[in-house]
Amino acid sequence: MFAKFAVPVFAENHRLLSQYQEIPLIQKAVEEFIYSHSVSPSGEVKAEVGQIDKRITLPKCARLEPFMPPGSRLWGKTSVGVRCNEHVSWTIYVQAEVKVMANVLHIARPVTRDQTIDYGDIALQIVNLTQMPEGVLTEYMQAVGKIAVMNLPSGQPLRGNMLRAPYVILRGQNVKLQVKGQGFSVSSEGQALADAAEGQVVQVRNPSGRIISGFARHNSIVEVNP
């Protein structure tokens, strides 16, 4: 008796299952969408697609169409939509996590405020950028030679706002004002009213008391636009 019904029941179940969309194909479409639309010059993208409830039954679709819901982005924990707009119409949202593994500079040993950063003070560690704060530094050249603006404990990821460029002009320093134009150059003396790094705007008081703004340069020069 059992043998008479086993084959027909299996065939019927197989026929019913073939009418519904295969869940693994939806997950694969999401994964491919993430890799094809995620570009990170600073790291390696890794996609982890979440599980889909296998009890969900969606009509079979010949062409799955992944998309990003409004307000979402392919960064960290996110959601990717998949829809079908053929003879059947449905939409499902799939949870995913997009990781960007990259080298990030960390403080290798405690650094004190106003200390110049050297190679021994920092080290690269591979981390998930999506879990890092904004503005983390990823290359030695972004930090070496810069000045710490605060005390930095060991192990802390290094951000750009923790450092400043070294000053080339100091407050109260005597500087040379240079005005250059088409076919002429004029120089005069003055006193800097603030500290300034290369290229920063600094105010200078000239001997007559007039306040002039210019760009800080090396060798105690302040460049003034004519």
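Predicted model: local features only at pLDDT ≥ 70, side-chain atom pairs only at ≥ 80, totals over all residues.

Author: Residues are numbered from 1 along each chain as its sequence is written, and side-chain values use heavy atoms, with hydrogens and water left out.

To take your question about area: the protein exposes about 14100 Å², and carbon and sulfur atoms supply 53% of that area, where accessible areas come from the Shrake-Rupley method with a 1.4 Å probe and, for residues, only the protein chains shown count as cover. Buried residues make up 33% of the 226 residues; here buried means under 20% relative accessible area, exposed over 50%, and partly exposed in between, again with a 1.4 Å probe and protein chains only. As for overall dimensions, the C-alpha atoms fill a box of roughly 110 × 45 × 25 Å along the principal axes, and the radius of gyration is 31 Å, whereas a compact globule of 226 residues would have one near 17 Å. That radius is taken over C-alpha atoms, and the globule rule is 2.2 Å times the number of residues to the power 0.38. Of the contacts with a separation of 6 or more, 51% are between residues 24 or more positions apart, contact meaning heavy atoms within 4.5 Å.

The protein has two helices and 14 strands, which are DSSP runs numbered from the N terminus (H or I over at least four residues for helices, E over at least two for strands). Two strands are said to pair if DSSP finds at least two bridges between them.

Val45 has Val100 of β4 as its bridge partner, Val80 is bridged to Val94 of β4, and Ile107 has its bridge partner, Ile122, in β5. The link from β3 to β4 is a hairpin of three residues. In a regular strand the side chains alternate between the two faces of the sheet.

The loop between β4 and β5 holds Asp114, which has a positive phi of about 75 degrees although it is not a glycine. Most residues other than glycine have a negative phi, and most peptide bonds are trans. Asp114 counts as exposed because its relative accessible area is 51%.

Two further residues connect this part of the chain with what precedes it. Phe67 lies in strand β2 (residues 65-67) and counts as buried because its relative accessible area is 11%. Phe67 and Phe33, 34 residues apart in sequence, have C-alpha atoms 8.0 Å apart in space. Gln27, in turn, is found in helix α2 (residues 23-37) and is buried because its relative accessible area is 18%; leaving aside neighbours within four places in sequence, its contacts are Val49, Gly50, Gln51 and Ile52.

For comparison, another set of paired strands can be described in the same terms. Strand β9 (residues 174-181) runs parallel to strand β14 (residues 221-224) over four bridges, with Gln178 bridged to Glu223, while strand β13 (residues 211-217) and β14 run antiparallel and are joined by three bridges, Phe215 standing opposite Glu223. In the hairpin of β13 and β14, with three residues between the strands, Asn219 takes a positive phi near 65 degrees. Ser220, in the loop between β13 and β14, likewise has a positive phi, of about 60 degrees, although it is not a glycine, and Ser220 counts as partly exposed because its relative accessibility is 24%.
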